[in-house]
Structure formats: structure tokens, C-alpha cells
There are 2 protein chains.
Amino acid sequence: MDLAQRVLSGDIRGLARAATIVENRGRAAEPLLRELFPHTGRAQLIGITGAPGAGKSTLVDQLAHLLRVEDKKVGIIAVDPTSPFTGGAILGDRIRMLRHHADPGVFIRSMATRGTLGGIAKATTEMALLMDAAGCDVVLVETVGVGQDEVEIARLADATVVVLAPGMGDDVQAIKAGIMEIADVFVINKSDQPGADRLEREIKAAESSVPVLRVVATDGTGVAEALSAIRNYLQGAGRRERSIENWSLRLREMLRDRVLESYSHLDFDAAAAKVAAREVDPYTLLDQWTSK
Amino acid sequence: MDLAQRVLSGDIRGLARAATIVENRGRAAEPLLRELFPHTGRAQLIGITGAPGAGKSTLVDQLAHLLRVEDKKVGIIAVDPTSPFTGGAILGDRIRMLRHHADPGVFIRSMATRGTLGGIAKATTEMALLMDAAGCDVVLVETVGVGQDEVEIARLADATVVVLAPGMGDDVQAIKAGIMEIADVFVINKSDQPGADRLEREIKAAESSVPVLRVVATDGTGVAEALSAIRNYLQGAGRRERSIENWSLRLREMLRDRVLESYSHLDFDAAAAKVAAREVDPYTLLDQWTSK
């Protein structure tokens, strides 16, 4: 059985191998993704983002648990390298902690966050396609919502959940400012703690049209309601438009990566030495390279 | 006097206008940067990164103060949108707080962090070139060291300072893990607080070859020693190699942006609609677009 067929059959080892090919970047994964692509489009991609310490991983765990109770197949992609996930089939060795036995209905992959600019968004998108092809009904993508890339990844999902928690101080307030506008659903985690009411008021004052759900992820309180709110959003108008918008953005990124390959013969280091010595300016070099 | 000449003469309004052109991305700034480029290469670019709350802005303020005492001209680029800088000529209106009168020997620009992937790194690099051309001896670039872009920006500097502080909890420990390896100098801020000794031991255990300096940025303690350590690094071997490496990376990014322009006639939205409907896979589209 070839690798595409193994992925389509939901084979864990096949999926793990495909995930590694995708993570190595470049075009090695392209024949595989091309073959799988017609079998994708079913999974709902849900981005979960928020400041460090907001409890994103715990929420993702609980959402996955609820989805498993419904017998849904779940993919989890952790772009946040600190995520300690608990139950599920680990695709590769990037996950640090594992509490329970592996559930073959949950695929988990933690992504390396280092590499070229933009590379992590591409790899995350491709990983979600793999999980989609492997039969996942839902793919949860957890990112720590502080960097531009992480925000972009969350934005590329079908629905974006921003997780906040009370009592995280001024710095977190500042981080929040950058991600408030990408939320389709707000979740206030640790909502039994002091400051939750005030946080809820602040969010509603800032983004009155976005639903705000209160949960205590550690014991599961309110998580079912949060899942319902996410589903309400996914069933609402505009989902098709959003999917097209996202693909439009992805196509641009993919094209950018592709065209750069035709310049792989260039000796960037030699050129850089001349630029560093101010023997030539970079704009003149670009003119020379692109005028064939 | 044209804009390039105004920048070269250190004119604040000219520099502010040039900064806005650079921030608007695209190629509008290219003629200006091409003209200025031969006059650059003198400024030392120092990246200051670290977790939110570590006290980066205060340290940058103190470093700028010390450099001003030596009559150096200083540029400050704040990629961290929460940075409240105090003394200096604000280039544009992005800075929220301003305690002192403007010092014409300090140029400050806060960068918008939203935009296309990688755009902020390019804009920051170009902003540093502007400040270099305007006669800055040192350009300090402050980034919050949690996102990939921010780490890349810090890495593109001539020297990278990672700022840590005791007692910031497990999340910060996790963030630290991503930026430990890019440090040329570690600064422990708030080093009079409990946990500073332990933090110093941890850093030295993890990265024994990198100098660790202790400061209390709020009152200036140890900042002169930190500046000396940064200068020691800058005078050390390998600076030329690092500059070439950085330019090599930048040239690749610039080429990627440039070549994408020749595809600006493509209707990405129409293509995206077909992809979203699974009428075509993205890889087949890319083949069509790139085979002329």
C-alpha cells in the first residue's frame, strides 16, 4: 500500500511518516498532497490561540474529549511547543508529555516552530490537509497567540477561538490587543477565578458581536457550551467565503515558495558578501536577478 | 532638498516621512533605499528580545541614555507594540507614552506588527537602514521574543541580547527555551529580586559560553557593564561573517517578494474558489502558473 493510501486509511504510522515529510518543508510532500487533496475538505479546522498560561492545551484536551464522546475523529496540531497533550496517537516524537494511553481516534502532532519565515504556516496547513485526508472530522490547531505567524495560522482556520484568562497582568492585556480582532469565539478560561467578570465585561465592550463563553477547562465546566458556540459559528453564513479567502492567501504563499526555487542556483552568500561590503546595493542585485 | 538628502542630514521630519514609506511596504521605498544604501553600514544593530514583562523597554531606555552620554546618535525600533519609550524624537505617532522632552540625538519608531508573513522583518531591516543613513551609531531593535518573526528580527542584528527576569513563572520558562540559542549576551533584569541567583545558574548551565550580565534597569545598575559586554561581542571575531549571513538571508526574502510581483495579474480569489470547491488542487494550479 503506498503512503497516500495508508494516510487515507487512517494508518497512524503512515500519517506519522507523511507528517515528517511535510515538516521537512520543500516540495517533497507535494506528490503526496496532490494525491490526497481531492479527498480533503471535510474536516473543520479550528484555531485555538491565546496568551501563554491561558490554558489553551487543557481546553483543546477537553474539546477533543467531547468530540470523542460523539465518536468524531480528531486531529490536534500544536504549534505552541509548550503544549502538553494527554490522550491520543502521537505522530512523531515532538510531544513531551503523555498521560494516558493512546486513543487511535485522536492524532496529535506538535510542530517545530523554527525555520524560515512563513514556513510554519505552510507546514501547519499541509499537516491539517493530511489529518483531513486521514478522516479527521475536526482538526484543532493550538498556537500561542503572540507572534505574527501564530496569529496568521489561527486566522487560516475555519473558526478562530481566542482563549483568555483572568488575572494575567498588563503584559497579557497588551498581547490580547493583537488578537482580539481575529476571534470568532472568545473563551474565558479559569472563569471561577477573581477577575473573570471584569474580563468578560472588557471583552464584550471591545468586541460586542463575538460570543463570549466561560469555562473551567481543568474540570470541563462550560466546554460543551463553548463547542456549541464554535459550531454555531461554523454553521453560520460566510464560511464558504472565508474558506475562499484563506485559500487565496495560501495560494499566494505557495506561489512565493515555488518561484523562489527557480533561483536556487544563485550564490546568495557571495552576493551577500558584496552587499555587506557596500560594493553593490541589494536593489541593483535584485534587478539583475529578475531581468532575464 | 530631496528626501534622501534630508535623511542623510539627520532631519527628523524627513526621517519620519521615509519611515512611513518603508512601513507601507511594497517597493515604494526602493528608490530611496537604493540612494541611501552606499551611506549605510556604519551603525551597529543590536537586537533586544525577551519575554513580556522582562523589562526590555527600560533596558533600551538606559542603554540609549548611556550612549547619549558618549554623544552617540541612537536609533530605537520598537517591534514590541507595548513599548513605552521615554526620551527621543518620535518618528510618527505610533508611540503611546512620552515622559521627557524629545532628544534630537535619539530617533524612535514603533513598528506596526500586523501584515503579511515576513513583512515585519523586511520593514524593520529597512527602518534600520534609514536610521543608519541618518547617522545613527547604534540602532536598538526591541522585540518581544515569543513569535518566530520577532526571533528572526533579533537574529538579523549584529548582536542579540536576550533579557530575562526572575520570578516570571513556568510559561516564561517555556518561552525562554525558544530564544536561548540566539543570545550573544544574556541580561538578567530585576537582578535584585528573589530568584536572580537561580536564574543565573540556570542560564549558565544551559549556555555556558554566553556572557550573563545582571542589571536593575529601573535604576541603571549594571547597565554600563551590559553595554560593555555587548561591545565586546561586537568587536569579537565573526562579526563580518555574521553580517554576510544576515544579508544572505535578507536577499532571499527580498527576491521572494520581488518575484511575486510578476504574478500580480493572477486572480487568486477565483483560483481559491476552485480550490475550496476541490475542482482543482493547488499544486496543479502552481504548475500552470509557473510553466510559461
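Me: Which residues of helix 2 of chain A are buried?
Reply: In this predicted model, the buried residues of helix 2 of chain A are A:Gly14, A:Leu15, A:Ala18, A:Ala19, A:Val22 and A:Glu23.

Me: What span should helix 2 of chain A have, at 1.5 Å a residue?
Reply: Helix 2 of chain A has 12 residues, 12–23, and should span 16 Å. Its end C-alpha atoms are 16 Å apart, so the two agree.

Me: Stepping back, how many helices and strands does chain A have?
Reply: Chain A has 12 helices and 8 strands.

Me: And what share of chain A counts as buried?
Reply: Of its 292 residues, 47% are buried. As for contacts in chain A between residues at least 6 apart in sequence, 72% of them join residues at least 24 apart.

Me: What is the mean pLDDT of chain A?
Reply: The mean is 84, with 83% of the residues of chain A at 70 or more.

Me: Where in chain A is confidence lowest, and where highest?
Reply: Confidence is lowest in helix 7 of chain A (residues 169–179), with a mean of 55. The highest is in strand 8 of chain A (residues 212–214), at 97. Over residues 93–101 of chain A the pLDDT is below 50. That stretch has 13 contacts in the model beyond near neighbours in sequence.

Me: What ipTM and pTM does the predictor give the complex?
Reply: The ipTM is 0.80 and the pTM is 0.62.

Me: Why does A:Leu67 count as partly exposed?
Reply: Because 19 other C-beta atoms lie within 10 Å of A:Leu67, and a residue is buried at 20 or more and exposed at 12 or fewer.

Me: What is A:Leu67 in contact with, leaving aside neighbours within four places in sequence?
Reply: A:Leu67 is in contact with A:Lys72, A:Val74 and A:Val138. A:Val138 is 71 residues from A:Leu67 along the chain, and their C-alpha atoms are separated by 8.3 Å.

How values were computed:
Residues are numbered from 1 along each chain as its sequence is written. Chains are lettered from A and ligands numbered from 1 in the order in which they are written. This is a predicted model: local features need pLDDT of at least 70, side-chain atom pairs count only at pLDDT 80 or more; totals for chains, interfaces and linings use all residues. Helices (H or I, at least four residues) and strands (E, at least two) are DSSP runs, numbered from the N terminus. The expected span of a helix is 1.5 Å times one less than its number of residues. pLDDT is the predictor's confidence in each residue, from 0 to 100. Two residues are in contact if their C-beta atoms, placed from the backbone, lie within 7 Å.
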